[in-house]
Amino acid sequence: MCYEMTGFIVRPMTTAPAPPRSAATPSPSASAPALDWRIRFGVLSLIWGFSFLLIKVGTEGYAPFQVTLGRLVFGTLVVAAVLVVKRERLPRSPRIWLHLTVSALLLNALPFSLFAYAELSIPSTLAGICNATSPLWGMALSLVALSEDRPTRRRVAGLGIGFFGVLTVLGAWQGFSGLDLGGTAMALLASLSYPIGWIYVRRTLAGAGHSNLSLSGAQLLVATVELAVVTPLFTTFPSHFPVVPLLAIVALGALGTGLAFLLQYALVAEVGPTTAQMVTYFIPVIATGAGVAVLGESLSWSTPVGAVIVLAGAALTQSRPRAAARRGRVTAGGGGATAPTPKSTPTPTPTPTPTERPLRQS
């Protein structure tokens with residue numbers, strides 16, 4: 001989610017199912033949003049798409065760990081302000097905080113840092129496309145780690161197509177010439193970290209008894225503490241503070257981590273996780289356009305072609321046959337069609353299926 005998204009923490013499977021809400025059928029008890037969901041969807045796509053550009057600009061003046069710490073600080077402040085306004089409490093159970101420590105590492109601290117380090121040596125366009133491989137990694141891992149996720153021909157085909165797209169982006173037929181393998185590997189590892197975190201969250205925090213907002217705010221807080229401990233060990237305090245990179249870090253945190261999470265949180269509630277997670281497919285397109293237009297990064301033919309193949313494969317891995325989707329909406333003994341209980345987390349990301357993915361942040 002960058003499809004880097006802070007994750008929505010998995011809802012208990014025993015929660016009573018609620019029918020999906022859409023823009024056409026809003027909840028009667030909810031006040032109409034100030035902006036149409038399509039506008040907010042577009043804003044979210046732009047924020048996450050430009051996040052890779054902001055990372056690149058931030059690393060021009062500050063160390064990667066400092067960029068990551070800054071984005072987490074400002075992102076946490078935004079979410080904390082909303083928690084205060086809504087009077088939501090953070091979890092108190094030590095067990096939950098222990099699991100949040102792991103999920104914060106896998107869904108925030110580690111991938112954010114890896115992307116920052118990767119962009120020291122690779123273009124932001126390539127980082128954005130590597131980020132789009134997350135659903136592919138997630139689908140592959142879910143077949144091993146989640147017994148309820150059964151492989152289908154369509155999903156296996158999507159996995160193969162997606163990784164063929166990765167090889168196209170990287171120019172495998174040229175022996176990866178001109179490519180920084182270390183930076184690319186870090187970007188791919190960052191994308192792999194998200195589904196690992198999603199699976200961990202799904203297994204440990206389902207049924208935690210707290211709202212997604214509360215758990216996600218706590219997760220961001222823990223990730224901030226983790227980076228606050230690590231950053232002084234590997235960096236020195238800046239002797240000066242370049243303004244443009246600093247503003248990029250502030251925007252990356254406040255918008256790309258804090259505001260983006262809140263927008264995604266509201267979109268999932270309004271139009272459902274399947275529609276909301278479609279933002280994933282716009283991020284690499286916007287990241288590529290921003291890198292080329294604003295930063296002047298070069299672009300060979302294989303990059304956009306490979307990106308399209310990656311996105312096509314990712315879409316196939318998340319698709320389900322219509323008949324199966326219809327069966328999933330019929331509750332046992334109820335006789336009527338209702339939506340299955342969503343099992344989603346931040347973000348925070350397949351793999352669990354679209355209704356099960358944590359939403360992340362770029």
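Helix α1 passes helix α11 in a right-handed crossing. This is a predicted model. The axes of α1 and α11 come within 8 Å and cross at roughly 50°. That angle makes α1 oblique to α11. From α1, the contact draws on Ser 45, Leu 46, Trp 48, Gly 49, Phe 50, Phe 52 and Leu 53. From α11, it draws on Ile 283, Ile 286, Ala 287 and Ala 290. By class, the residues of this contact are nine nonpolar, two polar and no charged.

Stay with α11, which covers residues 283–293. Its buried residues are Ile 283, Pro 284, Ile 286, Ala 287, Thr 288, Ala 290 and Gly 291. They pack against α1, and also against α4 (124–131) and α12 (302–318).

Helix α12 is the next stop. Thr 303 lies in this helix. Thr 303 has a relative accessible area of 11%. Buried means under 20%, so Thr 303 counts as buried. Setting aside residues up to four places away in sequence, Thr 303 touches Ile 129 and Val 169.

Ile 309 also lies in α12. Its relative accessibility is 18%, and it therefore counts as buried too. Which residues does Ile 309 contact, leaving aside its neighbours within four places in sequence? They are Ile 161, Gly 162, Phe 164, Gly 165 and Thr 168. Take Thr 168 from that list. Ile 309 and Thr 168 are 141 residues apart in sequence. In space, their C-alpha atoms are 8.4 Å apart.

Gly 138 is found in helix α5, residues 134–145. Gly 138 is buried, at 0% relative accessibility. Pro 195 is 57 residues away from Gly 138 along the chain. The C-alpha atoms of Gly 138 and Pro 195 are separated by 4.7 Å.

Helix α2 spans residues 64–86, and helix α8 spans residues 212–234. Their axes come within 9 Å. They cross at roughly 150°. Angles over 145 degrees count as roughly antiparallel, and α2 and α8 are therefore roughly antiparallel to each other. The crossing of α2 past α8 is left-handed.

Which residues of α2 meet α8? They are Phe 65, Gln 66, Thr 68, Leu 69, Leu 72, Val 73, Gly 75, Thr 76, Val 79, Val 82, Leu 83 and Lys 86. On the α8 side stand Leu 213, Ser 214, Gly 217, Leu 220, Leu 221, Ala 223, Thr 224, Leu 227, Ala 228, Val 230, Thr 231 and Phe 234. The residues of this contact divide into 15 nonpolar, eight polar and one charged.

Follow the chain into the loop between α2 and α3 (94–118), where Arg 87 lies. Arg 87 is exposed, with a relative accessible area of 77%. Its backbone deserves a look. Most residues other than glycine have a negative phi. Phi of Arg 87 is near 55°, a positive value in a residue other than glycine.

How many does the structure hold? There are two. One joins the side chains of Arg 38 and Asp 36, at 3.1 Å from N to O. Arg 38 is exposed, with a relative accessible area of 51%. The cut-off for exposed is over 50%. Asp 36 is partly exposed, at 34%.

Glu 270 forms a salt bridge with Arg 40. Here the closest N and O atoms are 2.5 Å apart. Glu 270 lies in helix α9, residues 243–271, and Arg 40 lies in helix α1. The pair therefore ties together parts that are 230 residues apart in sequence. Are these two residues buried or exposed? Glu 270 is buried, and Arg 40 is buried as well.

That leads back to α1. This helix holds Arg 40, the partner of Glu 270 in α9.

Conventions
Residues are numbered from 1 along each chain as its sequence is written. This is a predicted model: local features need pLDDT of at least 70, side-chain atom pairs count only at pLDDT 80 or more; totals for chains, interfaces and linings use all residues. Side-chain values use heavy atoms; hydrogens and water are left out. Buried means under 20% relative accessible area, exposed over 50%, partly exposed in between (1.4 Å probe, protein chains only). Helices (H or I, at least four residues) and strands (E, at least two) are DSSP runs, numbered from the N terminus. Contact means heavy atoms within 4.5 Å. Axes are lines fitted to C-alpha atoms, for helices over the stretch in contact, and angles run from 0 to 180 degrees between N-to-C directions. Angles under 35 degrees count as roughly parallel, over 145 as roughly antiparallel, 65 to 115 as roughly perpendicular and the rest as oblique. A crossing is left-handed if the near helix is turned anticlockwise from the far one by less than a right angle, and right-handed if clockwise. Ala, Val, Leu, Ile, Met, Phe, Trp, Tyr, Cys and Pro count as nonpolar, Asp, Glu, Lys and Arg as charged, and the others, Gly among them, as polar. A salt bridge is a side-chain nitrogen of Lys or Arg within 4 Å of a carboxyl oxygen of Asp or Glu.
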